[in-house]
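Thanks for coming, everyone. Let me put the model on the screen and walk you through a few places in it.

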Amino acid sequence: MVDNATKSHFEPTKALIEEARRRIAPFAIRTPIIESDTLNRLVGARVFLKPENLQRSGSFKLRGALNRALQLDATAREGGIVAWSSGNHGIAISYVAKELGIKATVLMPREAPRTKIDSVRRSGAIVQLYDKTREVREEIGARIAQETGAVIVPPYDDPYVMTGQATLGAEISDQVAEIGCWLDAALFPCSGGGLVAGAACGVRSAMPGTAIYSVEPQHFDGMALSLAAGERRTALCDGTSICDALLVPTPGELTYPVCRDHLAGGVTVSDPDVVRAVHFAYRELKLVVEPGGAVALAAVLAGKVDVKGKTVAIVLSGGNVDAEKFASYLTTQA
């Protein structure tokens with residue numbers, strides 16, 4: 001349990017991570033670690049891939065959603081959950097709510113991918129669409145919580161959610177150690193920072209010397225800018241990105257300090273880099289990975305981090321993508 005006094009400055013400890021692993025184990029899959037001889041040859045490294053697109057709900061987000069929801073008491077469960085999400089967090093929340101018999105309302109931007117909106121609804125959650133240009137999702141969520149008694153479960157800036165994501169880093173470390181290896185580096189997709197902050201703690205609790213990197217879409221690189229500046233910064237958000245899951249402009253208040261303390265740096269990838277990675281995952285790994293879920297692979301393929309001669313882990317964080325859009329990426333010249 002996380003004490004309220006620690007919420008303003010929180011870091012998942014090894015004990016909390018292990019508690020979370022036990023808590024979510026009946027529901028979450030221990031996704032495999034896989035390798036590609038082709039990828040290893042291309043980048044001159046030994047690369048372990050963690051396909052969280054195979055996780056229940058289609059992304060790593062299930063871990064944080066489970067860790068939060070499973071700690072709600074009976075009164076809180078009666079009020080239900082309210083969350084906001086561009087897609088994957090909402091899908092995870094709706095899945096968890098259905099499994100636990102809890103009501104859920106998910107706020108989603110009108111331009112969210114149709115497959116993600118439909119996935120949330122299929123699990124029985126209420127979807128409330130909002131206009132990002134005129135409405136503030138946090139304000140809508142707070143109003144719903146006040147009116148219904150629902151518990152707000154944010155997508156990243158929450159100690160329970162961050163600890164749930166930390167289970168992914170700990171799991172990677174265990175699986176790599178079981179093979180008899182030690183990680184020199186690990187790369188994680190990043191938006192608000194919940195995954196990379198939590199997973200960094202999970203990896204480094206077992207392998208403290210591992211260099212952790214965040215990977216963001218070009219122009220939506222709030223974490224990389226913040227790490228370079230030594231304080232939270234907001235990305236320019238100039239133009240668009242196909243990585244709809246990674247468009248938060250500013251790192252979280254809780255996640256940034258953890259990343260500042262544990263990350264070796266942050267890198268960015270372009271849309272063409274990401275398309276190449278989506279191609280590679282489909283062609284060589286036989287996996288469907290959404291653009292936002294492929295950015296860590298994109299960074300390795302594009303040489304954004306020097307991995308030559310090293311042992312590296314990368315996370316494929318999600319696979320919830322519209323079929324038509326996915327087909328268009330495969331027909332685009334990578």
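Start with Gly180. Gly180 follows helix H8, and its phi is positive, near 90 degrees. Helices and strands here are DSSP runs, helices being H or I of at least four residues and strands E of at least two, numbered from the N terminus. This is a predicted model, where local features need pLDDT of at least 70 and side-chain atom pairs count only at pLDDT 80 or more, while totals for chains, interfaces and linings use all residues. Residues are numbered from 1 along each chain as its sequence is written, and side-chain values use heavy atoms, leaving out hydrogens and water.

Stay with H8. This helix covers residues 159-178, and its 20 residues should span 28 Å at 1.5 Å a residue. The expected span is 1.5 Å times one less than the number of residues. The end C-alpha atoms of H8 are 29 Å apart, which agrees. How many of the 20 residues of H8 are buried? The number is 17, so H8 is largely enclosed by the rest of the structure. Buried means under 20% relative accessible area, exposed means over 50%, and partly exposed is in between, with a 1.4 Å probe and protein chains only. At the start of H8, a side-chain oxygen of Asp158 reaches to within 2.9 Å of the backbone nitrogen of Tyr160. That is a polar contact: a pair of N or O atoms within 3.5 Å, where within protein one must be able to donate a hydrogen and the other to accept it, and residues adjacent in sequence count only if both atoms are side-chain atoms.

Next, helix H12, residues 271-284. Its 14 residues should span 20 Å, and its end C-alpha atoms are 20 Å apart, which agrees. The buried residues of H12 include Asp273, His279 and Phe280. What covers the buried residues of H12? The cover includes helix H2 (37-43), strand E8 (263-269), helix H13 (295-301) and helix H14 (323-331). After H12 comes Lys286, with a positive phi. Lys286 sits in the loop between H12 and H13. Its phi is near 60 degrees, a positive value in a residue other than glycine. Lys286 counts as exposed, at 65% relative accessibility.

Cys237 also has a positive phi, about 50 degrees, although it is not a glycine. Cys237 lies in the loop between helix H10 (222-229) and helix H11 (255-262). Buried or exposed? Cys237 is partly exposed, with a relative accessible area of 28%.

Cys201 is in no disulfide, and the nearest cysteine sulfur, that of Cys259, is 8.3 Å away. Cys201 counts as buried, at 5% relative accessibility. Cys181 is buried, with a relative accessible area of 18%.

Now the sheets. Four strands form an open sheet in the order E4-E3-E2-E5, with parallel pairing. The edge strands are E4 (126-130) and E5 (151-152), and each pairs on one side only. Two strands pair if DSSP finds at least two bridges between them. Strand E2 (residues 81-84) pairs with E5 over two bridges, in the parallel sense. Val82 has Ile152 as its bridge partner in E5. Helix H7 (residues 137-148) lies across E2, strand E3 (104-109), E4 and E5, running at about 175 degrees to E2. Axes are lines fitted to C-alpha atoms, for helices over the stretch in contact, and angles run from 0 to 180 degrees between N-to-C directions.

Elsewhere, strand E1 (residues 46-51) is mostly covered, with five of its six residues buried. Six bridges join E1 to strand E9 (residues 311-316), and the two run parallel. Arg46 stands opposite Thr311 in E9.

Not counting residues up to four places away in sequence, Asn40 touches Glu35, Ala45, Arg46 and Val47. Contact means heavy atoms within 4.5 Å. The side chain of Asn40 reaches the backbone nitrogen of Val47 at 2.8 Å. Asn40 counts as buried, at 14% relative accessibility.

Last stop: Val96, in helix H5 (residues 88-100). Val96 is buried, with a relative accessible area of 1%. Leaving aside neighbours within four places in sequence, Val96 is in contact with Leu62, Ala65, Leu66 and Ala69.

Key. Disulfide = S-S within 2.5 Å.
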